[in-house]
Amino acid sequence: MALTATKQQQERKALFALAIPMILSNITVPLLGLVDTGVIGHLPEAYFLGATAVGAMIITFITWFCGFLRMSTSGLAAQAYGSDDRQQILLVLSRGLVVAFIIGLIMIVLQAPYINASLWLSGGSEQVQFYARQYTEIRIWGFPAALANLVILGWLLGLHKAKLAMWLLIVTNVVNLSLDLLFVLGFNWQIMGIAVATLIAEYSSLLLGLYFVAKTLNIHHRDLVKTLADTKNTLFSKADFSPYLKLNRDIVIRTLCLEICFVFITFQGARLGDTVVAANAILLNFLLLISFGLDGIAYGAEARVGRAKGAKDASALSLAVNTALKYNFAFAIVYSLFFYLFGLAFINMLSDIPDVVSYASEFLPWIIALPILACWCYLYDGVYIGLTEAATMRNSMVISTFVCFFPCWFILQGYGNHGIWAAFCLFMVARGVTLFYHFNKNKHRFC
């Protein structure tokens, strides 16, 4: 009994050593979004905020779609770390960076048709369309850096370097925040200022991330390229690359389904009017604040579960999942209480347009409920990333999107924006339930 209690205490300490830095740093990401929203939300017209929401969604559709770069890198690096395979650790990083740069360059080449098609789909007023285009035409040049940063972040997390990952995110967002204030409030560049600030921050983050990689590998940063190049002979070998493609294929399908739901909320709001899309932009920032905080626990679970699988330790796997579940739910309750107490004050901080404030306040109860409804799917996503069981994540997301979200919205569309948010809450519940069921039915075969 004492031995079990000791193991539980050790697992709790290991989880929090990974989770707390990621919670603190992850919160800076949506806080930056809240600052962006607050700066733009105090401009005189709602279409500025609506355009920022649409433009940001067009960009984040690709970065979230390419979330497989972080997820697969994190899971594979954690397993390589658990089996103490330095060559595989280098290979995971090199392959991820090459794929990231290729996708980033392709998006720059194809920017015109991508932006035109996205704005056509989004709808919205003439002003929303104009400023959203201005935003995306600047931000799109940051794709190579933004996608490479996903790889570096996942790699650091997989190697249990949570403090380095924390500083990477914090420094990046401080740079972004400082430039936001300078360009928008100081230079009066409006939406263009937000876009330029983020672009500069993304490339600053890449330089800092590469420095952290060199530090982790215990080499001089000038030797980093040579060290990674040493993996070129096995980088795309069929034996290693085929499982990598299969893993990422499943994560891509999973992420695409999630993206479709978020884009639908933003674009459907745009079609309901400038006030609706502006209010939903505020609410989606609250959702990001929730998700990035809960993802801190999930990131810790990724690393611990991946390490247990790499070491083929079934008891460590069960202990990691059970410990993460308990503290994940505790954090969810804290988030719900936070938005119950301070949600209205945050809305008023983010906009002083009366119609936007009033409309967003009407939907605050959905945000209060979401942490408890959604915490399960965030945690089990982390578990399955650590296990590199992407096919299960894919199946869960497909079911939740096309059997739950869209049918529920279709039934509830007469309730307008409330129907959208009700369908989204049910979608998050469906994700958690399907993953919970699968894990408990199959956990004996994971190690």
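Analyst: The model is a predicted one, and its aromatic pairs, counted by the distance between ring centres, come to 24. A pair of aromatic rings is described by two quantities, the distance of the centres and the angle of the planes.

Consider tyrosine 211 and phenylalanine 212. Their ring centres lie 5.9 Å apart and their planes meet at 50°, so this pair is tilted. That class follows because planes under 30 degrees apart count as stacked and those over 60 as edge-to-face, with the rest as tilted. The two partners can also be described by their accessibility. Tyrosine 211 has a relative accessibility of 45% and therefore counts as partly exposed. Phenylalanine 212 has a relative accessible area of 8%, so this residue is buried, the limit for buried being under 20%.

A second pair is formed by phenylalanine 424 and phenylalanine 427. Here the centres are 5.8 Å apart and the planes stand at 35°, so this pair is tilted as well. Both residues belong to helix 18, which covers residues 417-442, and because they are three residues apart, about one helical turn separates them. Phenylalanine 424 and phenylalanine 427 are both buried.

Ring pairs link Phe424 and Phe427 into a cluster with Phe262, Phe264, Phe402, Phe405, Phe406, Trp409 and Trp421.

Methods
Residues numbered from 1 in each chain as written. Predicted model: local features only at pLDDT ≥ 70, side-chain atom pairs only at ≥ 80, totals over all residues. Heavy atoms only, no water. Phe/Tyr/Trp six-rings, centres within 6.5 Å; stacked < 30°, edge-to-face > 60°. Buried < 20%, exposed > 50% of the residue type's maximum accessible area, 1.4 Å probe, protein only. Helix = DSSP H or I, 4+ residues; strand = E, 2+ residues; numbered from the N terminus.
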